Amino acid sequence: MDMHSIPSLAAGCRLHPTQDVLLVPEGALKLTGPSRDVLTRVDGDRDVTAIVDDLLQGYLGANEDEMKADVLGLLERLEQRGVVRTRG
């Protein structure tokens, strides 16, 4: 995965509407920190760069390089678990 990859949630995965939980076919993953903010932007249309740019608008003063690394790290971990798919 890189900054031009377009992530989407895998089939059967969705954010819980009111809790910081990602519902997956085999259960649920508790989301911590800004994970929910990242995943709400994972729509299958935006690439990682657009997701980071949008997050930077809401996290004023955040370091862009750290944000890129954090978002990529989260998405790569979720991709390894089969929760996120990418194209591009």
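Q: In which strand is the place of Ile-6?
A: Ile-6 belongs to β1, residues 6-9. Strands are DSSP runs of E with at least two residues, helices runs of H or I with at least four, and both are numbered from the N terminus. The model is predicted: local features need pLDDT of at least 70, side-chain atom pairs count only at pLDDT 80 or more, and totals for chains, interfaces and linings use all residues. Residues are numbered from 1 along each chain as its sequence is written, and side-chain values use heavy atoms, with hydrogens and water left out.

Q: What does Ile-6 contact, leaving aside neighbours within four places in sequence?
A: Contact means heavy atoms within 4.5 Å. Ile-6 touches Gly-44, Asp-45, Arg-46 and Asp-47, and also Arg-85, Thr-86 and Arg-87. Arg-81 is 75 residues from Ile-6 along the chain, and their C-alpha atoms are separated by 17 Å.

Q: What makes Asp-37 buried, exposed or in between?
A: Asp-37 is in helix α1. Its value is 30%, so Asp-37 is partly exposed. Not counting residues up to four places away in sequence, Asp-37 touches Leu-55 and Tyr-59. Gly-58 is 21 residues from Asp-37 in sequence, and 9.6 Å away in space, C-alpha to C-alpha.

Q: What makes a set of residues a nonpolar core?
A: The members are buried Ala, Val, Leu, Ile, Met, Phe, Trp, Tyr and Cys residues, joined through side-chain atoms within 4.5 Å. The largest such core here has 24 residues. Leu-22, Leu-39, Val-71 and Leu-75 touch the most other members. β3 (21-24), α1 (35-40), α2 (48-58) and α3 (64-80) each supply at least two residues. α3 gives the most, six. In soluble globular proteins, nonpolar side chains tend to be buried together.

Q: Which residues does Leu-39 contact, apart from neighbours within four places in sequence?
A: Leu-39 meets Leu-9, Leu-15, Leu-22, Leu-31, Leu-75 and Leu-78.

Q: How many bridges join β3 to β4, and what makes these strands a pair?
A: Two strands pair if DSSP finds at least two bridges between them. β3 and β4 have four, and run antiparallel. Leu-22 stands opposite Leu-29 in β4, and Val-21 opposite Lys-30. Two residues separate β3 from β4 in a hairpin.

Q: What makes β2 and β4 edge strands?
A: The open sheet has three strands in the order β2-β3-β4, with antiparallel pairing. β2 (14-15) and β4 (27-30) each pair on one side only.

Q: Why is α2 classed as it is relative to α3?
A: Their axes come within 10 Å and cross at roughly 125°. Axes are lines fitted to C-alpha atoms, for helices over the stretch in contact; angles run from 0 to 180 degrees between N-to-C directions. Under 35 degrees is roughly parallel, over 145 roughly antiparallel, 65 to 115 roughly perpendicular, and the rest oblique. So α2 is oblique to α3.

Q: Which residues meet where α2 contacts α3?
A: Val-48, Ile-51, Val-52, Leu-55 and Leu-56 in α2 meet Glu-64, Met-67, Lys-68, Val-71, Leu-72 and Leu-75 in α3.

Key:
Buried < 20%, exposed > 50% of the residue type's maximum accessible area, 1.4 Å probe, protein only.
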